[in-house]
Amino acid sequence: ADGWVSAEVVKIVEGDFVQVHYEVGENLCRKALRLKSEKLGINSAIDDSSIEEEMDPDFCGDWAEEATRVLGKPINAEERRIAEGVRKQALLAAIHLAKAGFKQAELDLLAMASEPNTIPEAVQFVREHRIDPEVPDFLNMKLQKTTKDLQRRDPTRWALQYNQWTKFVDECKARDLFYELKVKKRFSEFVSVYDVNDYFVKPWTRGSGCGIALHMNPQGLQAKIMMSHAWGEDVEECQRALNKHRLPGDAALWFCTFAQYQAGDGAGPTIQEQLAMTPFKRVIELDSVQEMIIVHTTKADLYERLWCVHELDEALMRQSKNNDLQVNPAMSDEYKEEVMAKYDQALRAGGEDGDAMKAAGIAVQTAKASCGKDDKNMLMKEIFRHEGGFDRIDKKVEEFRKDIVIGIFLQDKVLKVLRASDQPMDALRIAKAAGLTTKADVNPTLYELEKQREVHRDQSQGGAPMWSVHEGEREDVNHTQSLSMGKRFTNFLGALLGKGHPSPLTQENDRRRGATDMPADSSLDNKILNVLRASDHPMDALRIAKAVGLTTKADVNPTLYELEKQREVHRDQSQGGAPMWSVHEGEREDVNHTQSLSMGKRFTNFLGALLGKGHPSPLTQENDRRRGATDMPADSSLDNKILNVLRASDHPMNALRIAKAVGLTTKADVN
């Protein structure tokens, strides 16, 4: 909570983590931190650009039970003192941050006050400050006993429609808290399914005894599609992957996070009681379930989690018996691009095709997948019930992912051919142009691309279908070579260089408000900054949205939190209620001048992000504050920035310190 403390490294764990002891007041605490964690400021020679969070036990449950589970043995007096210290520190930090207006901390305190082992100080704070999780209206909170009984006995009816799934995720994204959670992850901003569960699912269902699915379908809804995914994934990337899969709105999805009752507060079944009903196996064996969708995203590999391995294993068993279950991937564009880049990198380095396949993440070792200790024993027994064990699953995953990679390459080839053509083409001509032989070689790819709305099929003339890309996709042949799978990256780079391609954040805001293309110099962040500079008082997000010609606070919240991270604007929640936004003191000045400053700062941060360098570390930000460093104009090139840093220093500096001071990460960035 806003400060650094001295800590003693007491143990190195598996080479990547250190265990540290430290004191906060009279409290003795312990944490396990990854060496690259931004929270471990031990030496400037250690790269602090990791996206890893600290590996702390869950503060909100039974701390003694949790400590016992983490340690693998009953806790002794010293361990109990440490656990009490960690618990006390978490409470003090949450109260401190909640008073400062952080919604995440408020919900942490609500959890501490609501679960079976309540913390009295948290209960008092929640009562005094009337903390409300603000449950959305579309969740039915007046559930009958019959609905609650369903949560205890029939997991096959814990499904929700795809349009309900989308509605729930969109509601999370519209909350200020969603962007607060994003900003917390300094180097790779995303909200994981773990975050959605902790800060939306649990608070919105606590005390009800039922999961999200039954809140939206009180009579129950029988599953037709099973979803397998990793909880560590970016929930927005997961949503984009499902959007590409083009599911019908009324498709009945079984999505574990929304299916099970997650609150663990005694009002409904515990997670273990629900898992004892073998929900995944029962759903996959349902006759009504004809498809399992395996979500592939970049932030987490689902086969590093043993539950995902188990789900695939059950699906493969059903396939081997009845061959009536489709197992299909839903892939984000980011995942496709990452696979292509890794494959291409290996080939360029001189690797063979097999090496490139491994580099692209085709080969897996599911035996190394992790989960909770109790779950692992049960899941491994289930896996070993089937002949071949992990080796059998590894081979199936490799075959499955190999098909995915081949499909990505085929899609790339087909799109290149169609973009280069002035006229629609039939499947046979497309196959020949792509270096293949028959229309059967490309037909599955064409229909998949049609499903993704990348291509258009015309049969108005009778005969064979004629295929073309959608209007606006046909470009100069040489230009399309640089696009294909790298198209989004090229557009992203174009945005950086002012070529007129909107950034992903701008695209999302434009999509929400139905905006048409705007000139490159008419960005939303500049409009917001101009509104705040012209105002004598702080403004809430809704007023800002209206002032820039938009409709709802969701239209401007992503940009406001991004500007806050860049220290362009200030957020104040000290009065409670909606956040109030203003520019920092000294920012209300000539508009043209401030635009050049803010754009210069965003250019620096954007370039750092594009190069994978992230934003400045907490230590760099603190050093900037101490020496009074200010933003530099947009025309201050890197050499001028370096010179300014050196002129401001009383001592010679090595390259790494210089890199940090100019907002970069490694000495290679400035050497």
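Student: Which residues of H24 are buried in this predicted model?

Tutor: The buried residues of H24 are Leu-524, Asp-525, Asn-526, Ile-528, Leu-529, Val-531, Leu-532 and Arg-533. The helix spans residues 524–534 and is mostly covered, with eight of its 11 residues buried.

Student: Which residues of strand S12 are on the covered face, and which on the uncovered one?

Tutor: In a regular strand the side chains alternate between the two faces of the sheet. In S12, residues 569–572, the covered face holds Val-569 and Arg-571, while His-570 and Asp-572 belong to the uncovered face. Strand S13, residues 580–583, runs antiparallel to S12 and is joined to it by four bridges, and within this pairing Val-569 stands opposite Val-583.

Student: How many salt bridges does the structure hold, and which parts of the chain does the pair of Glu-334 and Arg-240 link?

Tutor: Side chains of opposite charge can pair when their charged atoms come close. The structure holds 19 salt bridges, and one of them is formed by the side chains of Glu-334 and Arg-240, at 2.4 Å from N to O. This pair links distant parts of the chain, since Glu-334 lies in helix H15 (residues 333–348) and Arg-240 in helix H10 (residues 235–245), 94 residues apart.

Student: How many residues apart are Lys-342 and Glu-338 in helix H15?

Tutor: Lys-342 and Glu-338 form a salt bridge whose closest N and O atoms are 3.7 Å apart; they are four residues apart in helix H15, which means that about one helical turn separates them. Lys-342 is partly exposed at 35% relative accessibility, and Glu-338 is partly exposed at 30%.

Key: Residues numbered from 1 in each chain as written. Predicted model: local features only at pLDDT ≥ 70, side-chain atom pairs only at ≥ 80, totals over all residues. Heavy atoms only, no water. Buried < 20%, exposed > 50% of the residue type's maximum accessible area, 1.4 Å probe, protein only. Helix = DSSP H or I, 4+ residues; strand = E, 2+ residues; numbered from the N terminus. Pairing = 2+ DSSP bridges. Salt bridge = Lys/Arg side-chain N within 4 Å of Asp/Glu carboxyl O.
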